[in-house]
Amino acid sequence: MAGITINHENLSCWDLAQFPKLMALRDKYFAAIPEMCIERPRLITQYHLQNGLFDKNKISILDKAKTYRYVLENRLPIVWHEKAMGRHDVGADRFDVEDTSPFAGSTTSKFKGVLLYPELFGLVMWPELNTVSTRPSNPFYISKKDAEELNFKIYPPWMKKTVWEITRYRHYCNQFQEPTTDDYPDEMKLFQNVVFFLTSKAICISHCIPDFSMVLKVGLSGMILDAKEKKISSENDEEVRQYEFYSAVVEVLEGIISYSKRLADEAARLAASSNDAETKDKLSEIVNRYRKIPESKPDTFLEALTAIWTCWTALHLENANIGLSLGRLDQLLYPFYEKDVASLCKQKRTEYDKCALELLCYLWLKIGDHVPTMLEAGEQLFGGTGSNQAVTIGGVDEKGEDAVNDVTYLILRAAELMRLRDPNLAARYHPDKNSRDYLKRLSEVNIKTGAIPAIHNDKAVLKALMSKGDSEGQARDYGIVGCVEPVSSGRTFGHNAAIILNLASALELALYDGKHRHTGPKQISPKTGDPTTFGSFRDFWLAFQEQTKWLINRATTLNDQLGKTHQEFYPTPVLSAFFKGPMDKGMDVLQGGAEINSSGAAIIGLADVVDSLSAIKKWVYDKKQIPFSRLLEALEADFEGFSDIFGLLENTNKTPKFGNDDNYADSIAIEVVSFLDKEFYARKNYRDANYRVGYWTMTFHAGIGKFTGALPNGRRSQANFASGITPVSNVTHYLSKTLNSLAKLPVQALSSGAALNIKYTPEPDPNIMCDHFAATVDAFFGKGEETNHGGIQIQFNVTSQETFLEAMNHPEKYFDLPVRVSGYTAYFVDLNRQMQKEIMERTEYLLSPGQAQPSAPVDIQI
Amino acid sequence: MTEGASFLDWLLGNTEDWSVERFLGFMKWAFEHSDHTSGAALGLKGYHENIENFKAVYVFETEDHLVQATACFNDGSMVVGTGGATKWDLKISFKDVLALWKFIFSGGNDIVDSMLANDVQVYGNLNYLYKFGFMAKDLVFQRLGLKRIFV
Amino acid sequence: MNRRPLVVDIKRYCFHDGPGIRSVVFFKGCPLRCIFCHNPEAQEMGPEMAFLVERCIKCGACVKECQHDALNLAVPGRISRDKCNLCGKCAEVCPTDALRLIGNYYSVESLFDILIRDFDYYRHSGGGVTISGGECTLFPNYLSKLLNNLKNRGIHIVLETSGYFDYGSFQSRILPYLDLIYYDIKLADDEAHQRYCGKPNTIILENFRRLITESDVEVHSRVPLAPGITDTEENLSAIARLLRKYGVKRVWPIPYNPLGLVKFQTLGRRAPKIQPTFMKQEQEKKLLEILKKNIPEFIGSG
């Protein structure tokens with residue numbers, strides 16, 4: 001579509017030094033620790049109390065909409081932040097923020113805020129209120145006064161009204177009666193055990209990409225008009241429901257307009273009290289812009305950014321900041337950019353582009369203005385995550401043609417300069433449609449930043465999505481959600497992270513006849529037989545399948561129960577207003593209003609399980625060299641005293657492993673992912689659509705790994721699992737072998753995304769490295785091949801071991817060193833020791849001498 | 001039970017000797033005396049507010065069910081008992097009392113360790129655990145000013 | 001020369017043995033015996049047993065497996081090489097690959113199947129396959145079939161050679177398939193060559209002359225640097241003059257790699273007495289200068 005007219009040389013010349021105010025603000029951003037913001041929970045709780053919502057057996061979408069309107073109308077309109085908090089635990093204090101952002105409004109009332117959702121998971125912070133400000137790892141500041149308000153006023157009414165508790169009371173006990181030990185639900189107990197599965201509906205609504213096309217086309221006033229026209233007189237139940245839905249949409253949209261007008265008023269007040277002409281001008285511009293946007297449709301690039309930003313803050317008032325994603329910003333913004341630059345002469349165009357880059361950088365800081373709730377124990381297990389707001393660029397357009405445009409390159413440059421973990425930049429690359437120049441630029445940014453962006457293969461993703469029923473048009477407009485999950489932008493209300501399933505626990509249950517080493521002698525799942533009595537690998541495979549199916553059933557059951565609680569207690573008028581489908585059907589996305597209604601499961605431990613199955617198949621059954629009983633003894637002893645068995649199991653030349661281009665193991669991987677895909681896809685969620693499967697693990701591969709004993713692939717007790725879909729470290733030193741194994745996997749079985757972590761050692765010559773990099777991606781993505789779709793995704797860490805070690809010793813110097821964990825980007829220094837170790841121990845592929853260095857175990861005290 | 005500083009001395013004894021009942025008993029005393037002179041001197045002022053309008057039953061028991069204690073909160077009052085209860089909001093089952101105190105009073109690593117070792121199991125409404133955790137930590141760390149309770 | 005060719009190793013995703021991304025096959029067997037050889041396991045044509053002591057966990061599986069009483073855990077090198085018949089059964093059962101049988105036979109088809117797996121990586125990077133050794137030209141019939149298969153798929157082929165081969169057979173069986181030849185010239189003096197490499201250099205230099213003058217295939221001349229042996233000013237100047245005679249303007253010195261020393265031990269062979277450490281970068285630069293000095297038209301070694 002759009003020809004590339006932007007001047008790349010200019011773009012690469014502009015760096016933060018050209019934008020001193022922006023740079024200063026970015027420095028403050030990194031100096032600030034997150035502060036817990038009680039504004040949202042306070043206003044939500046007040047409204048619930050004032051209107052008796054806590055006493056209701058069901059909360060209507062209109063009640064919810066009025067709640068959010070109340071928040072929008074009463075929250076503090078902050079144009080520029082004045083103060084931020086330094087590392088309180090080391091005696092740092094409040095400092096001034098010279099905020100000059102062109103974007104007014106904020107997700108919380110703080111410069112960098114922690115969003116609290118008492119409806120969901122906010123109460124977990126309760127025991128830490130007095131200590132969270134000074135905890136050693138990633139502290140959150142909260143004042144004594146705010147802590148008291150949470151303790152006495154805000155938290156108490158929610159004790160029996162969180163999504164988790166309502167679900168427990170409603171679905172497993174007599175309604176609203178306290179449960180006794182006996183009927184305490186299995187699924188919830190399994191969840192609490194951590195090792196089996198987690199269901200994220202307890203902590204958030206969904207992973208998805210809202211639809212911004214309408215606000216950009218007609219403004220909120222146009223959307224309100226549409227909703228009002230659709231509100232017809234209510235006769236039957238269906239019409240009453242629809243009437244209520246459209247009324248709710250109007251409530252929240254009017255609330256957002258009210259918020260933006262109050263921002264304008266606040267800017268006007270600040271302008272009046274300012275003595276500085278430049279500041280006055282800036283504020284006056286904000287006044288005018290926020291009086292217009294997002295109520296009216298935006299006409300310029302800046303106005304379009306403003307519309308998206310303002311609506312984004314409102315979306316986070318409703319939807320927890322866990323993976324809610326922005327979608328294809330380059331596609332949404334390009335028409336505005338194109339119009340803006342159409343009549344500009346060369347010099348003006350240069351000035352404009354520089355300004356556009358600065359605006360995007362400012363927006364990046366805004367998007368990163370909040371972090372999710374994280375308790376201290378969670379920090380130890382799963383820490384370092386941001387809110388994973390993915391931004392997607394590139395790929396193909398609705399006709400299947402090259403969609404890379406000037407804004408794509410502006411966004412890439414902004415991400416390269418800002419190096420923020422949030423937003424999490426995802427690049428789509430179609431090997432047969434997008435240019436080599438674009439790919440080389442993606443490679444270059446990866447080499448320069450060390451981790452940004454992840455690259456998704458359009459050919460493979462489109463095939464995967466269409467295999468699950470998405471139309472070609474829906475698939476072509478996919479964006480990345482959270483970590484790596486592809487969904488049709490604004491169309492798929494597909495909670496990709498609904499279930500996090502630990503596949504290693506299914507293996508464990510099969511090894512121990514329905515018991516798990518972590519939970520002791522208790523029978524957890526159905527007996528599938530003592531494996532020492534099995535006559536063939538097939539017997540064991542069937543037992544593993546049975547246990548997996550049982551786990552899937554438990555996890556999907558809990559997910560659906562929580563989903564039903566969402567439907568009745570957490571209707572989502574804001575998200576529904578910004579989605580394709582609900583406005584036509586007059587139906588909340590939670591009720592099935594969206595065009596696509598899938599749910600998703602992410603699998604933890606794939607490579608370790610596949611390698612374990614391969615080891616069992618080869619040594620117990622094919623070679624009959626290790627009896628099952630002896631294997632179990634070795635596991636029990638964590639291989640102490642079994643060095644011969646350990647040596648065999650760990651040795652890639654002796655025991656076939658996934659990721660070594662070895663069909664023995666790769667075929668097992670294909671069987672496992674196909675089986676999981678078939679089983680999940682066969683199950684319907686509470687919105688009558690299917691489950692899709694993905695392979696990305698955030699930091700769960702390290703956290704859950706701690707709870708898992710030794711496995712038959714030679715993984716020792718408590719060790720990390722391999723991350724995402726990545727093979728176990730050091731199965732090969734030849735990257736092409738690993739990538740060939742990955743490309744063998746049927747892509748329809750990876751329809752909820754996959755994270756392949758590849759660690760490269762930086763080369764002395766970045767240009768040569770860039771060529772190698774691009775060639776590798778093209779080969780992996782099946783460029784020029786009719787039938788071969790190639791691998792679905794690849795993401796890199798291009799940081800040397802020395803830099804990581806240096807960063808561990810001097811975190812203050814490496815505060816913005818980004819790393820890919822599994823899908824999302826984190827700051828290396830924010831990660832706990834176990835995760836840092838995991839990243840450092842990943843196979844390191846050296847592009848330069850052509851072969852990986854065996855990455856010796858890193859000796860780090862955890 | 002004695003009052004004031006001597007009570008604190010009593011509390012400050014070997015923390016490993018704290019029984020559940022003993023701690024709950026102290027908590028009850030703290031609620032009841034938070035607005036008296038003796039409590040205020042210990043920094044307990046306002047502590048009682050935590051249990052105003054609060055109704056809840058907590059059961060504490062060892063894995064072998066031998067040690068049991070209950071705490072019933074009812075609109076500002078707290079009753080500590082031995083033996084179980086048929087209806088409860090939260091039941092904590094623990095390996096030994098030290099494991100319980102670590103679980104309640106410690107931060108990240110100890111909680112993770114306790115989960116890894118399965119030292120403590122929690123049943124029922126976890127929000128009640130969070131509230132109890134706040135009240136216990138607030139009392140011991142903030143109000144009594146103890147820096148840490150385990151060596 | 002009728003023995004089956006054995007392969008020491010197949011490296012993949014390589015960048016340094018030719019342009020782009022490549023796979024490199026190392027054949028076993030070499031007519032030379034350079035004392036500074038860094039791949040001594042590729043010298044003998046037949047299979048060999050290697051033992052890597054640091055990997056041995058002393059589990060004793062090998063001792064149980066051996067039919068010839070050739071293994072003993074009490075002996076530092078484990079293998080009694082006079083008793084060992086190279087059956088390789090011990091290596092099969094060794095859990096940690098401390099015992100390895102060096103040299104595997106692949107049919108032309110099975111080797112091709114492995115090399116073709118990275119076809120896409122060759123294609124998109126301008127890479128291909130590099131045939132190396134040992135001295136791979138020892139197997140003209142085998143190579144002819146393999147290279148023909150590769151060429152039919154349009155794969156770029158690099159051959160690495162010591163230059164010690166029969167030109168006629170090379171010309172008819174191998175040369176037609178090559179895109180690039182890496183040709184080692186180690187010592188200009190015939191006597192020194194005989195002493196350090198075990199064979200005279202006359203055939204090598206004559207083959208080089210013919211390749212340069214008679215064939216269109218690009219030849220990169222390489223000089224392996226061995227301290228005190230090939231890296232003398234005298235030798236380097238002499239090689240440079242020789243190259244100049246044929247109008248060769250570029251030369252690739254190969255950094256000294258002492259890692260072969262350890263391999264001698266693992267193979268149960270006496271290691272030659274040569275410098276056991278890597279060469280310093282400044283030294284390499286100095287040597288490059290000598291080459292440059294003697295080739296006025298020197299373009300470079302990149």
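Among contacts in chain C between residues at least 6 apart in sequence, what percentage join residues at least 24 apart? The figure is 72%, where a contact is a pair of residues whose C-beta atoms, placed from the backbone, lie within 7 Å.

## Ground rules

This is a predicted model, so to speak for its cut-offs: local features need pLDDT of at least 70, side-chain atom pairs count only at pLDDT 80 or more, and totals for chains, interfaces and linings use all residues. Residues are numbered from 1 along each chain as its sequence is written, with chains lettered from A and ligands numbered from 1 in the order in which they are written.

## Chain C on its own

Chain C has 11 helices and 10 strands (DSSP runs numbered from the N terminus: H or I of at least four residues for helices, E of at least two for strands). Its radius of gyration is 20 Å, close to the 19 Å from the globule rule for 302 residues, so chain C is as compact as a globular protein of that length. That radius is taken over C-alpha atoms, and the rule is 2.2 Å times the number of residues to the power 0.38.

Along the principal axes, the C-alpha atoms of chain C fill a box of roughly 65 × 45 × 35 Å. Of the 302 residues, 43% count as buried, meaning 20 or more other C-beta atoms lie within 10 Å of the residue's own, with C-beta atoms placed from the backbone.

## Where chain A meets its partners

On one side, 20 residues of chain C are in contact with 24 residues of chain A. Strand 1 (6-14) and helix 4 (119-125) of chain C each give two or more residues to the side touching chain A.

Elsewhere, 30 residues of chain A are in contact with 26 residues of chain B. Helix 14 of chain A brings the largest share of the chain A side, 5 residues.

How values were computed
Two residues are in contact if their C-beta atoms, placed from the backbone, lie within 7 Å. A residue is buried if 20 or more other C-beta atoms lie within 10 Å of its own, exposed if 12 or fewer, and partly exposed in between; C-beta atoms are placed from the backbone.
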